[in-house]
Amino acid sequence: MDWHLIVAVISASLCFGSVIPYVRDILYGTTRPNAVTWFLWLFIQAIAIAAQIHAGASWSLVMVIADGVTIGIVFVLSVIGYGYTSYDRTDLFCGLVGVLAIVLWVVTGNALVALVLSVVADGCAAFPTLRKAYKDPWSENPTGWAFTTVAALLAIISTTRFDTANLLFPAYLAVVNGLTFALAFVGRKTHPKP
């Protein structure tokens, strides 16, 4: 059996496992996801998946798809009463960048343009969560973010094509999820539990 496939399956499994503590916290009411932000993440993830497939995907795509499924689960929970639906200029900007990614992809035929813009849009969408993890570390569960960070790192290892199309989004996910984990984990050590 191909070791790249084994690493990709482990990566996806960790990604699926990452949503368990987050969903538990949502159901207990200690975490309330913003439906608009999670919709944007789902939209951006779909663009990244499609662009990566179009550019010639490798096993690193397995984790990106698994992450898309977990984002979809949180989004559904956020719209059925466990989240809230406020949005701000950052959310609007991310949506516009996501639409721009699709338009530029169609116009240029270059999937890499869509991937780069997806990373930019996702980074904008992640900023409120990073800010929240910094200011209120008890509002984020570090375990889920740690699982996704490790899953993204394994996705990078699982690839058989070492090009920007296969490495950009998993590398970005490793950085942004790792930063969210670090902010929540360290913040919990320095901020008293509310």
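What follows is a short chat about a predicted model.

Q: What should I know about the numbering and the model?
A: Residues are numbered from 1 along each chain as its sequence is written.

Q: What caps the N-terminal end of helix 6?
A: Asn-141 does, with a side-chain oxygen 2.9 Å from the backbone nitrogen of Thr-143. Helices are DSSP runs (H or I, at least four residues), numbered from the N terminus.

Q: Where is Asn-141 placed?
A: In the loop between helix 5 and helix 6.

Q: Is Asn-141 buried or exposed?
A: Asn-141 is buried, as its relative accessible area is 6%. Buried means under 20% relative accessible area, exposed over 50%, and partly exposed in between (1.4 Å probe, protein chains only).

Q: Which residues does Asn-141 touch?
A: Leaving out residues up to four places away in sequence, Asn-141 touches Pro-21, Arg-24, Asp-25 and Arg-188. Contact here means heavy atoms within 4.5 Å.

Q: Back to helix 6, how many residues does helix 6 have?
A: Helix 6 (residues 142-158) has 17 residues.

Q: Which of them are buried in helix 6?
A: Among them are Trp-145, Thr-148, Ala-152 and Leu-154. The cover over the buried residues of helix 6 includes helix 1, helix 2, helix 3, helix 5 and helix 7.

Q: New topic: where is Leu-27 found?
A: Leu-27 is in helix 1 (residues 3-28). Leu-27 counts as partly exposed because its relative accessibility is 46%.

Terms used: Predicted model: local features only at pLDDT ≥ 70, side-chain atom pairs only at ≥ 80, totals over all residues. Heavy atoms only, no water. Helix = DSSP H or I, 4+ residues; strand = E, 2+ residues; numbered from the N terminus. Expected span 1.5 Å × (residues − 1). Polar contact = N/O pair within 3.5 Å; in protein donor to acceptor, adjacent residues only side chain to side chain.
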